[in-house]
Amino acid sequence: PLLARVTGFFLGLTVVGLALGFALERAPPHRRIWRDPLPPGQYRHEAIGNGVFLAVTITTFTAALALDLVRFGAPSWPRHLITFGALFLGFQAYYYGLHRALHHPALVRFHRWHHASRITTPLSGQSTSLVEAVGWMGGYVGLPLAYSLVVPISAEGWAAYVAYNVVGNIVGHANVEPISPAPALRARSTLATVFTYHALHHLRWTGHYGFASAGMDRLFGSEWSDWPALYARVVRASP
């Protein structure tokens, strides 16, 4: 029963993310980031990677919950919000370190599967090798486990953050820019940046290692200075 619930949770989130991502790619106004066509077989490659990622994720979560590895506290809104916020900030730091390590010459072979998606699609988000998927589990399960050793966390806050992460990761790989220009773009990108930001990483490989934000890249000097100008071009309907 636990395995069935965990499987339903992650398959459901994946379906929702893919539906939203592909709908965005087809909805007007069409702000395509890259105009190049996808190579033959990309969707099949990504579907296999998603299968690997989901198998690792479902297995890891089921084992962690079955073994009661994570301590949960009494449900309360403060605990829910603190858990969500702590996981949001902690995952930003964890993922930056993992992602940058995967670009090291000794480890990059484990990350090449994801980078086969030069032009990203919603299926690109969870398209990983087995080793990279295991690395993600350090943020998905290892981080809340570590927090719970200090103070019991909220199960609901953990689930909410995972839902935000999964759907956001999938939708954020769509080859479209849905975010409209707004004041203080660069300042806002410290916590949440535009889709074009990560799309540049898939083409350039170096730089922009952060997860959906520019904060860690800015801190460690791996942010490309021209991304706001390229973003402005995309939103003017010039891929």
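Biologist: What is the mean pLDDT of the protein chain?

Modeller: Local features in this predicted model need pLDDT of at least 70, side-chain atom pairs count only at pLDDT 80 or more, and totals for chains, interfaces and linings use all residues. Residues are numbered from 1 along each chain as its sequence is written, and side-chain values use heavy atoms, with hydrogens and water left out. The score pLDDT is the predictor's confidence in each residue, from 0 to 100. In the protein chain, 100% of the residues reach 70 or more, and the mean pLDDT is 94.

Biologist: Which element has the lowest mean pLDDT?

Modeller: Helices (H or I, at least four residues) and strands (E, at least two) are DSSP runs, numbered from the N terminus. Helix H2 (residues 42–66) has the highest mean pLDDT, 98. The lowest, 84, belongs to helix H7 (residues 185–188).

Biologist: With which residue does Arg186 form a salt bridge?

Modeller: A salt bridge is a side-chain nitrogen of Lys or Arg within 4 Å of a carboxyl oxygen of Asp or Glu, and a search of the whole structure finds 4 of them. Arg186 lies in helix H7 and its partner in the loop between helix H9 (215–220) and helix H10 (227–235), so the pair ties together parts that are 37 residues apart in sequence. The closest N and O atoms are 3.3 Å apart, and the partner is Glu223.

Biologist: Is Glu223 buried or exposed?

Modeller: Buried means under 20% relative accessible area, exposed over 50%, and partly exposed in between (1.4 Å probe, protein chains only). Arg186, at 46%, is partly exposed. Glu223 has a relative accessibility of 18%, so Glu223 counts as buried.

Biologist: Which residues are joined with Glu223 into one salt-bridge network?

Modeller: Glu223 also forms a salt bridge with Arg218, with 2.9 Å between the closest N and O atoms. Arg218 is partly exposed, at 24% relative accessible area. Through shared partners, the residues joined with Glu223 into one network are Arg186 and Arg218.

Biologist: Within what arc do the buried residues of H10 fall?

Modeller: In H10, Trp227, Tyr231, Val234 and Val235 are buried. An α-helix has 3.6 residues a turn, so residues three or four places apart point the same way. The arc is that of the directions from the helix axis to the C-beta atoms. The buried residues of H10 line one face of the helix, because they fall within an arc of 95 degrees.

Biologist: Against which helices do the buried residues of H10 pack?

Modeller: Contact means heavy atoms within 4.5 Å. Trp227, Tyr231, Val234 and Val235 are the buried residues of H10. These buried residues pack against H7, H8 and H9.

Biologist: What is the relative accessible area of Leu81?

Modeller: Leu81 is found in helix H3 (residues 77–102). The C-alpha atoms of Leu81 and Leu69 are separated by 21 Å, although the two residues are 12 residues apart along the chain. Leu81 is exposed, because its relative accessible area is 58%.
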